[in-house]
Amino acid sequence: MGAPFCHKLLEQHCWLLPERMIYWEEQRSLVVSDLHFGKTGHFRKEGIAVPASLYKEDMQRLVSQLQYFQPSHLIVVGDMFHSKANKELEFFIKWRNDFPHIDFHLIKGNHDILNPQWYQEAGVIISNEEMAVNNFSFVHDINTATHSRLPITNYIFSGHIHPGIRISGGGRQSLEFPCFYFTPSFCVLPAFSRFTGLALVKPKEEDHVFAIVNQTIIEM
């Protein structure tokens with residue numbers, strides 16, 4: 001586990017984790033986006049060879065943070081699951097029973113298409129568009145939220161785009177890394193799943209970007 005980085009926001013302590021999550025200290029909450037559980041199983045079901053170890057590694061990464069921080073809440077800002085139920089999601093339900101003391105909150109994303117009864121059996125509390133806690137609001141897609149009629153006045157946490165930043169070296173060399181992207185009005189979390197692409201962000205002067213490089217948080 002890499003060292004967390006504290007980013008203070010509205011007098012709240014948000015610990016950025018190299019494991020692609022935020023620990024909100026005052027609310028004892030882990031905040032995460034785009035886990036895409038079941039995605040590797042979905043691809044294999046379609047005949048595309050994707051190692052099952054990718055899902056197990058993501059699951060173990062989440063388990064280790066739940067065990068370390070002992071949060072009261074896990075807040076998922078969309079795309080907790082990828083598609084229809086498969087064997088990986090059956091495993092999730094069995095695993096979920098190991099953490100009965102943690103409330104799992106999901107703000108539904110475009111990939112969260114499971115039957116409502118499935119979420120109920122899995123112990124996942126659903127919000128369709130927004131969940132508000134004190135001065136923070138949680139949505140899946142910041143673009144949809146800002147163009148909708150949702151009366152959101154809080155600071156927003158979102159996901160969906162899988163933000164990344166390009167770091168250039170000597171010559172024409174450059175590398176791309178997942179990042180936490182903070183603007184004055186919203187934050188976009190990196191995708192938790194490693195089985196995703198990146199959408200490069202173009203930060204403005206007033207924005208703050210924190211890249212995840214070799215299990216280290218680097219402020220750009």
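E11 is exposed, with a relative accessible area of 60%. In this predicted model, E11 forms a salt bridge with K8, and the closest N and O atoms of the two are 3.7 Å apart. K8 itself is partly exposed, at a relative accessible area of 48%.

How many salt bridges does a search of the whole structure find? It finds three, so let me take the other two in turn, given that a salt bridge here requires nitrogen and oxygen within 4 Å. The side chains of D58 and R61 meet at 2.5 Å, N to O. These two residues are three apart in helix α2, and are therefore separated by about one helical turn. Are D58 and R61 buried or exposed? Both are buried.

The remaining pair is E176 with R166, whose side chains meet in a salt bridge at 2.7 Å, N to O. E176 belongs to strand β12, residues 174-182, and R166 to strand β11, residues 163-168, so this pair ties together parts that are ten residues apart in sequence. E176 is partly exposed at 40% relative accessible area, and R166 counts as partly exposed at 45%.

I turn now to the sheets. Seven strands form an open sheet of mixed pairing, in the order β1-β2-β3-β4-β5-β6-β7. Strands β1 (5-9) and β7 (124-127) stand at the edges with a single partner strand each, so one side of each has no neighbour in the sheet. On average, and ignoring direction, neighbouring strands in this sheet are turned by 25 degrees against each other. Within the sheet, β4 (residues 29-32) and β5 (residues 73-76) run parallel and are joined by four bridges. Which residue of β5 is the bridge partner of L30? The partner is L74.

Leaving aside residues up to four places away in sequence, I125 touches D103, F104, H105 and L106. The C-alpha atoms of I125 and H105 are separated by 4.7 Å, although the two residues are 20 apart along the chain.

In soluble globular proteins, nonpolar side chains tend to be buried together. The largest nonpolar core of this model has 29 residues, and L74 and F92 have the most contacts inside it. Two or more residues each come from β3 (21-24), β4, α2 (53-69), β5, α3 (87-96), β6 (103-107) and α4 (116-121). The largest share, five residues, is given by α2. Another core, of 22 residues, lies apart from it and includes C14, V31, I75 and I217.

Lastly, consider strand β10, residues 155-158. In a regular strand the side chains alternate between the two faces of the sheet. Here Y155 and F157 point one way from β10, I156 and S158 point the other way, and all are buried. Strand β9, residues 136-138, pairs with β10 in the parallel sense over three bridges, and S137 has I156 as its bridge partner. Strand β13, residues 186-188, also runs parallel to β10 and is joined to it by three bridges. In that pairing, the bridge partner of S158 is V188.

How values were computed:
Residues are numbered from 1 along each chain as its sequence is written. This is a predicted model: local features need pLDDT of at least 70, side-chain atom pairs count only at pLDDT 80 or more; totals for chains, interfaces and linings use all residues. Side-chain values use heavy atoms; hydrogens and water are left out. Two strands pair if DSSP finds at least two bridges between them. Axes are lines fitted to C-alpha atoms, for helices over the stretch in contact, and angles run from 0 to 180 degrees between N-to-C directions. A nonpolar core is a set of buried Ala, Val, Leu, Ile, Met, Phe, Trp, Tyr and Cys residues joined through side-chain atoms within 4.5 Å. Buried means under 20% relative accessible area, exposed over 50%, partly exposed in between (1.4 Å probe, protein chains only). Contact means heavy atoms within 4.5 Å.
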